[in-house]
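This briefing is meant to be read beside the sequence and the 3D view. Please look at both before going through the points.

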Amino acid sequence: MAVMNVTAGQKAVLTLGNTSVLAAPGASGGLEVPFMQDITVNASTGVVRYKTLDSSSEKAFTTPSTNQISLNCLVDEDVFFGAANTTNSIANDGLFGSQNSKSTVHFSVAFEGTTGGSTYLYGQGFLSGLAPTASQDAAVFITPVTIEVDGDLSKDTV
Amino acid sequence: MAIRDTLITGLTANLASSNVSVSSELPFNSGGEPLYIKNKKYVYIDQDNIDVTELYGTLDGNEIYETETTVTAYLTVDAKNQPSDIDTIVNTVVAERLGVSGPHIKECEVETEITLDYITYNFDYRFVTV
């Protein structure tokens, strides 16, 4: 039992690809999103509550999850606008291009790095929420990124 | 090249026709007095003070840092009979911050202090680069 400490760097890793193979943690050709400041995996289910006449407490059941990956990162030119890549179209188009074309994006979120035995979540979805911003006080472009997950989040190990 | 050197080079040229001069010496104490008080009508520029701080921390360890450099310049003149072009001189020293290339923030704050019969202008430059 141990907390998952990310201070060593390269621990919380988001990898993108146009196939699940390319999006696996540490995969050759995968697009690792650099300069992430934070990342949130949202897998909350909906809840419906109802009352019955024979109970003094509400009853509940859950509805399908709304799965979403959200993060903030500093804008890297190649990652945001794309760099020539013949195998990974997400890397080729960049975050902006992939959002613009509404391409399906496969992703993985590694919690403990990309070394063997590390746990990660994976799935597929669509990029959304890009809003790069910069100011004189913080003169580097920073943008939120959201992956609206299409379907389930699944768990695996590297 | 230190920002101090850039300021000295620029001010030496831009104050050449004024009633003050620019010294390349540091404003150290001589005989218990700072040089800028001992040698009035000379602009003295102190050494660069550099402060590197983290602007953004990242999960992959590629932190982004910003560097703040502060430099102080001093000019002392007779308080009763200031040079006739003192306003131009002050404006020139303040404007010299714009001659430093690289930083995206270039600020200068002027403070004055009157002691006995002389007035000292302190020019606090602040430059920030990422």
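Tyr50(A) is found in strand S3 (residues 36-50) of chain A; strands (E, at least two residues) and helices (H or I, at least four) are DSSP runs, numbered from the N terminus. This is a predicted model, in which local features need pLDDT of at least 70 and side-chain atom pairs count only at pLDDT 80 or more, while totals for chains, interfaces and linings use all residues. Residues are numbered from 1 along each chain as its sequence is written, and chains are lettered from A and ligands numbered from 1 in the order in which they are written.

**Tyr50(A)**
- Tyr50(A) counts as exposed because it has 9 C-beta neighbours inside 10 Å.
- Leaving aside neighbours within four places in sequence, Tyr50(A) is in contact (C-beta atoms, placed from the backbone, within 7 Å) with Glu58(A) and Lys59(A).
- Ala60(A) is 10 residues from Tyr50(A) along the chain, and their C-alpha atoms are separated by 6.1 Å.

**Nonpolar cores**
- A nonpolar core is a set of buried Ala, Val, Leu, Ile, Met, Phe, Trp, Tyr and Cys residues joined through C-beta atoms within 7 Å.
- The largest has 30 residues, and Phe107(A) and Leu14(A) are among those with the most contacts inside it.
- Elements that give two or more residues to this core include helix H2 (89-100) and strand S5 (104-110) of chain A.
- Apart from this core lies another, of 21 residues, among them Ile8(B) and Val43(B).
- Not counting residues up to four places away in sequence, Phe107(A) touches residues including Leu14(A), Ile69(A) and Ile147(A).

**Helix H1 of chain B**
- Helix H1 (residues 3-14) of chain B has 12 residues, so at 1.5 Å a residue it should span 16 Å, and its end C-alpha atoms are 16 Å apart, which agrees. The expected span is 1.5 Å times one less than the number of residues.
- The buried residues of H1(B) are Ile3(B), Arg4(B), Leu7(B), Ile8(B) and Leu11(B).
- They cover an arc of only 135° around the axis, which puts them on the same side of H1(B); the arc is that of the directions from the helix axis to the C-beta atoms.
- On the other side of H1(B), Asp5(B) and Ala13(B) are exposed.

**Chain B as a whole**
- Chain B has 3 helices and 8 strands.
- Of its 130 residues, 22% are buried.

Conventions
A residue is buried if 20 or more other C-beta atoms lie within 10 Å of its own, exposed if 12 or fewer, and partly exposed in between; C-beta atoms are placed from the backbone. Two residues are in contact if their C-beta atoms, placed from the backbone, lie within 7 Å.
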